[in-house]
Amino acid sequence: MATEISVPDIGDFESVEIIEILVKPGDTINKNDPIVTLESDKSSVEVPSPFAGKISSLKVKIGDKVSKGNVLALIEAEETKPEQESKEQKKEETKPLKQKKEEILPETEKIIKQAEQTIVKKPGKESPKKVYARPNGSDIDPIETKEWLDSLDAVMLKDGSDRAHYLLKKLIDEAYKEGSHRPLTRVTPYINTIPPEAEVKSPGDQNIERRIRSLIRWNAAAMVVKANKKNPELGGHIGTFASAATLYDVGMNHFWRGKNNKFGGDLIYFQGHSAPGMYARAFLEGRITEKQIANFRQEVDVKGLSSYPHPWLMPKFWQFPIVSMGLGSIMSIYQARFTKYLINRGLLKDQDRKIWTFLGDGEMDEPESLGAIGLASREKLDNLIFVINCNLQRLDGPVRGNSKIIQELEGIFRGAGWNVIKVIWGSYWDPLIAKDKSGLLIRRMNECVDGEYQAFKAKGGAYVRENFFGKYPELKELVSTMTDADIWRLNRGGHDPHKVYAAYDAAVKTKGRPTVILAKTIKGYGMGKSGESINITHQQKKLGEEDLLYYRDRFDIPLTDKQVKNVEFYKPNEKSEEIKYIKERRMRLGGNLPERTSYAKPIKKPSKNIFENMLKSSGSHEMSTTMALVRLLTNLLRDKNIAPRLVPIIPDEARTFGMEGFFQKIGIYAHEGQKYEPVDSEQLSFYREDRKGQVLEEGITEAGAMSSWIAAGTAYTNHDLEMIPIYIFYSMFGFQRVMDLAWAAGDAQTRGFLIGATSGRTTLAGEGLQHQDGHSHVLASTIPNCISYDPTFSYELATIVQEGLRKMHDKQENIFYYLTVMNENYQHPQMPKDCEKGILKGMYLFKEFNNRGKTKIQLLGCGTILREMIAAGEILSKEYNIDSDVWSVTSFNELRKDGMNIERKNLLNPGQKPEKSYVEKCLGKREGTIIAASDYIRTFADQIRPYISKSFYSFGTDGYGRSDGRKKLRKFFEVDKEHIVTYALSVLAKEQLISSKYAERAMKKYNIDKDKPIPTVL
Ligand SMILES: Cc1ncc(C[n+]2csc(CCOP(=O)(O)OP(=O)(O)O)c2C)c(N)n1
Ligand SMILES: [Mg+2]
């Protein structure tokens, strides 16, 4: 029996147009296969079939308007119970919550009454008579304290630390109930999180590892000194890597697994300005030549080494472009999340790969460093490990002179739900801590501030004895048998390979949450007077002969005085223990690090018919380019090669852009699936969260969304998997908000699409000054490998996206696209013949008004302002007998790139016949002055001015936006058809082609006030 398929609940929409019919009578379809596509002026959505079966007849045609309940088709269904019914039935069965209104009240009242009685019954608390602690925190009843501590010891002994932890938690919970709201567990004492007895021991040969580390230290420092000896302009850093060497070495020798044909590799975000250390190790491993390290920071002629990790400049080495402080943190968090996304969607094998991020303690002040840590714990990113090198200093001085950065960060990360491992003290401290029964040592550790800790390591053992231990006689006594040199040797956790190993081991075994390791180190470790723990350490790049000799001796580098004075590098021969060891370690760990490769298979290009319906005229149907984009994405989701690779990324604006249809169709990624029935579950586009969901609904974080986009757009190298990320945002909150990340994306060779929606200063009408974008294209033009377009019609958009896919995936070009789309509805014409090349190069002839023939003008427009140009052309033709050629400029930015290139070629070949720029080829032989206008500032169109040999006038939206309707805004910014006509007449008068009276009359006619100031001052 035939069953009806009807329009489900489509929310607030009524009479929505059918724009596509996706089945025909006789087709056998599966449940959830789309039947038709509906499009309102705000959104486009496919209607899936609730049944599997054979379509027997269609009840609608394209262009029909339908509402909820209208029948779309009849189907010979295999199973006739619609999904919704069974859902409702299920609800009926489990409906205890839904009762008639009048029944709820008495029941609720009863419960409230009972509860009140219980509360009242409880005797009122008398205010405590006893004061438990003095305001300064000191103990008023040591005997009672001891009893509690003894009880705790007994529990630990009998039932272990988990039980003790449980009891403590119970106590704290009880204290909260009783009204104590002090955050009792935000920070722990200023000692290592892992006690010595729980440390997992390193299997490494500590002697060899120390020798290797020393050589790396030397070569890293030498490359900076050598470069600056050659040319003091070059700069560089010694002190940072000197403080972090052990942190990197332990990872490289024992933890970080390289990529190979069986394993995807751990991903390490190296702290940018510790790059010399990575080069020095790669030099010992034989991956970098002596010539290269001798040319650190000299990249122009000699192919030396990049200052910092720049994949663009060292594409086979660096993976992550870090050095702009803060970006490493946010990018790696989203990288870890994206890795889980790929795993949960079944695109990537779960190999327990880890993402390690190295950060400076000063760097943690950047909002981007801490801004996304909540996401990391919320998403349970146990594949993420932060190592914060707490050398207590930044560039100018201490990070927190008056307090302790480690404690501050501990509180922040613990509060955010991270696993925090503090690595503060080295092994030499262990016996002292064990020996101190008074508790004074930990107390002293707790009370000292970082400014003091910094000074301790700059001023020697005697100073530490006096100023650290000397405060309490018991502590002075504790170290009385130690010499000053012994005291000086009391090391910090981050310089102790045992402590670092134990922390890393615990981090990689942590499940269910991310880990941060807070490692205390010394800035400029080993640099002595020239830089150890002093305020100028960060900038120290020139070590004198004496300092170099000291450094050599400190780390036992087998170089003669003469070799040291020549700042020679040291590499033991290939058969030495050190080289064998270092290579063997990396071999066991599966490969080199860092190393950038890609074995991704190219995504097959979509079939041409995917784009076909976008090349046709929309007839009388009006739509925006945003809707055209949504249609395009819907079409792409029907291509089986492309569909799984699309990653739509939206920061809480899906409804603004009419993309809510994707929620139901491909689901929103949620690592825990959907634990609740969404409020709109009855509707077609309900908020569907799913572990396998495809949409990254980021919430309100453009920086986070951009970081996701970078992770997806570099998956071809980091996961050997090509993805097509499409990040759609309010264009005003795009480049302007996340420019630094966009720059890093270019460096990282990210491939994907950025879509600046609601673009144009007069097109987004009501939102006003802070929303109306008139310059994002100018910002986009500054990124060398970003290709940007401002299309007007759906066929332009389709042509550009198709070409983008071809270039990024067929041709594997390391570029990305920025496209602006708008929310103004209008009709879209059929694609004119032979304009494809022009669309991609940046302009093509859209229309000629050729009927009168006396005077002519060239009109160039883009985005919605092209439509004003077309209308102006028509007025000029009809009312003033002036002909015009109207050009659709899809990209002033691309035209400029071409112009620059040709101009340069011509200047370098003065004896040859000059080549013509593309704009010159288009316009050179055309008659008439050029007028260009866009919904962007004049700079955008002005870019082509130098490459044409004709008079050129540009109009745009310079100035602050403001709220009003489109018509008024266009008049205000002087980019409406009336202003274009008037300016055209005036330009022609200036060229002495027509009388000036026409322009004057037009000004009157169109009510143009010549005394109104330019909008930039309004
Ligand atoms: C966004 C940004 N601002 C400023 C700098 C310049 N800069 C480079 S390193 C540095 C100090 C870093 O201190 P910290 O994070 O503590 O790292 P350390 O060198 O101490 O390990 C500064 C300010 C930068 N690289 N990026
Ligand atoms: Mg620091």
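This is a predicted model: local features need pLDDT of at least 70, side-chain atom pairs count only at pLDDT 80 or more; totals for chains, interfaces and linings use all residues.
Trainee: Which parts does the Asp361 and Gln393 pair tie together?

Mentor: Asp361 sits in the loop between strand 10 (355-360) and helix 9 (367-370), while Gln393 sits in the loop between strand 11 (384-390) and helix 11 (405-415), so the pair joins parts that are 32 residues apart in sequence.

Trainee: OK, and which atoms coordinate the magnesium ion (ligand 2)?

Mentor: The magnesium ion (ligand 2) is held by Asp361 through OD, by Asn391 through OD1 and by Gln393 through O, at 2.0 to 2.1 Å.

Trainee: Is Asp361 buried or exposed? And what about Gln393, buried or exposed?

Mentor: Asp361 has a relative accessibility of 1% and therefore counts as buried, the cut-off being under 20%. Gln393, at 2% relative accessibility, counts as buried too.

Trainee: Let me step back a bit: how many helices and strands are in the chain?

Mentor: The chain has 37 helices and 28 strands, and its C-alpha atoms fill a box of roughly 105 × 95 × 60 Å along the principal axes. Of its 1018 residues, 55% are buried.

Trainee: What share of the contacts is between residues 24 or more positions apart?

Mentor: If you take the contacts in the chain with a separation of 6 or more, 76% of them are between residues 24 or more positions apart.

Trainee: Now the helices: at what angle do helix 5 and helix 18 cross?

Mentor: The axes of helix 5 (residues 239-255) and helix 18 (residues 497-509) come within 10 Å and cross at roughly 55°, which makes helix 5 oblique to helix 18. The crossing of helix 5 past helix 18 is right-handed.

Trainee: Which residues make that contact?

Mentor: From helix 5 the contact uses Thr246, Leu247, Val250, Gly251, His254 and Phe255, and from helix 18 it uses Pro497, Val500, Tyr501, Tyr504, Asp505 and Val508.

Trainee: Changing topic, where does Ile787 lie, and what is it in contact with?

Mentor: Ile787 belongs to strand 21 (residues 786-789) and counts as buried at 8% relative accessibility. Leaving aside neighbours within four places in sequence, Ile787 is in contact with Ile815, Phe816, Tyr817, Tyr818, Glu894 and Lys897.

Trainee: Last one: how far apart in space are Ser888 and Lys847?

Mentor: Ser888 and Lys847 are 8.7 Å apart in space, C-alpha to C-alpha, although 41 residues separate them in sequence. Ser888 lies in strand 26 (residues 882-889) and is buried, with a relative accessible area of 1%. Not counting residues up to four places away in sequence, Ser888 touches several residues, among them Thr792, Glu796, Tyr844 and Leu866.

Definitions and conventions. Residues are numbered from 1 along each chain as its sequence is written. Chains are lettered from A and ligands numbered from 1 in the order in which they are written. Side-chain values use heavy atoms; hydrogens and water are left out. Donors are N, O and S atoms within 2.8 Å of the metal (3.2 Å for Na, K and Ca); water is not among the atoms, so sites may look incomplete. Helices (H or I, at least four residues) and strands (E, at least two) are DSSP runs, numbered from the N terminus. Buried means under 20% relative accessible area, exposed over 50%, partly exposed in between (1.4 Å probe, protein chains only). Axes are lines fitted to C-alpha atoms, for helices over the stretch in contact, and angles run from 0 to 180 degrees between N-to-C directions. Angles under 35 degrees count as roughly parallel, over 145 as roughly antiparallel, 65 to 115 as roughly perpendicular and the rest as oblique. A crossing is left-handed if the near helix is turned anticlockwise from the far one by less than a right angle, and right-handed if clockwise. Contact means heavy atoms within 4.5 Å.
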